[in-house]
Amino acid sequence: GLVPGTRVWAPPPLAGPAAAFYGTSITQGGCASRPGMTYPAILQRQLGVPVYNMGFSGNGLGMPALAPLLCALPRLGALVVDIEPNAGPAGVLERNLPLFLDAVRAYRPGLPILVLSAPAQGQEAWDAALTARCAGWARFQQQEVERRRAGGDGAIQYVSARSLMGGLGAEATVDGVHLTDLGFYALARGLAPLVGRLLSGGE
């Protein structure tokens with residue numbers, strides 16, 4: 001498909017420290033129209049840094065055994081933990097998140113970490129019980145981060161995906177859970193300044 005004589009160059013290497021995103025099918029990019037529309041891929045282009053997408057569909061459970069593998073990723077400068085959509089409904093968020101964060105700290109005491117709670121689910125529009133559960137999962141994550149910061153860990157932060165994505169409503173998801181390209185773009189746009197500051201060593 002190229003005109004004879006066309007020259008193709010390799011892209012320039014991405015500079016700086018890398019960001020890793022550990023999470024679920026949403027992190028992985030389930031329902032994105034193409035691989036480049038996942039929110040980690042959008043962030044890679046926006047920030048110009050290496051990005052590791054460690055999203056595991058149905059298996060982003062905050063397993064502590066993964067911590068040493070994540071911490072060993074080359075040039076790792078920040079870790080985003082995005083596990084609520086899997087770990088919350090499975091009933092393991094309260095157990096695994098503290099253990100996972102402890103395991104990360106055992107390998108990388110000063111690594112900047114951002115704990116990201118999930119976007120809104122479409123079913124919350126008519127399911128009050130789900131709304132309450134989602135609020136509880138988000139609250140637990142925020143309180144866990146606040147507890148650690150109060151204990152002296154200044155390199156960990158919490159942010160809600162809901163607060164970053166605005167009022168997109170049903171436009172943000174394919175099925176009430178997995179993001180559309182618009183949802184991925186909105187989440188990446190909201191995360192960009194936060195992840196950029198983490199990678200530069202700021203808060």
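This chat goes through the aromatic pairs of a predicted model.

User: How many aromatic pairs does the structure hold?
Analyst: The structure holds three aromatic pairs. One of them is Phe21 with Tyr39, and that pair is edge-to-face.

User: What's the geometry of Phe21 and Tyr39?
Analyst: The rings sit 5.6 Å apart, centre to centre. The angle between the planes is 90°.

User: Which elements do Phe21 and Tyr39 lie in?
Analyst: Phe21 is in strand β1, residues 18-23. Tyr39 is in helix α2, residues 39-47. The pair therefore ties together parts 18 residues apart in sequence.

User: Phe21, buried or exposed? And Tyr39, buried or exposed?
Analyst: Phe21 is buried, at 1% relative accessible area. Tyr39 is buried too, at 0%.

User: OK, next one. What do Tyr22 and Phe56 form?
Analyst: An aromatic pair, edge-to-face. Centre to centre, Tyr22 and Phe56 are 6.3 Å apart, with 65° between the planes. An angle over 60 degrees counts as edge-to-face.

User: Where do Tyr22 and Phe56 lie?
Analyst: Tyr22 lies in strand β1. Phe56 is in the loop between β2 (51-55) and α3 (67-71). So this pair ties together parts that are 34 residues apart in sequence.

User: What about accessible area for Tyr22 and Phe56?
Analyst: Tyr22 is buried, with a relative accessible area of 0%. Phe56 is partly exposed, at 33%.

User: Last thing. Which residues do ring pairs link into a cluster?
Analyst: Tyr22, Phe56 and Phe100.

How values were computed
Residues are numbered from 1 along each chain as its sequence is written. This is a predicted model: local features need pLDDT of at least 70, side-chain atom pairs count only at pLDDT 80 or more; totals for chains, interfaces and linings use all residues. Side-chain values use heavy atoms; hydrogens and water are left out. Rings of Phe, Tyr and Trp (its six-membered ring) pair if their centres lie within 6.5 Å; planes under 30 degrees apart count as stacked, over 60 as edge-to-face and the rest as tilted. Helices (H or I, at least four residues) and strands (E, at least two) are DSSP runs, numbered from the N terminus. Buried means under 20% relative accessible area, exposed over 50%, partly exposed in between (1.4 Å probe, protein chains only).
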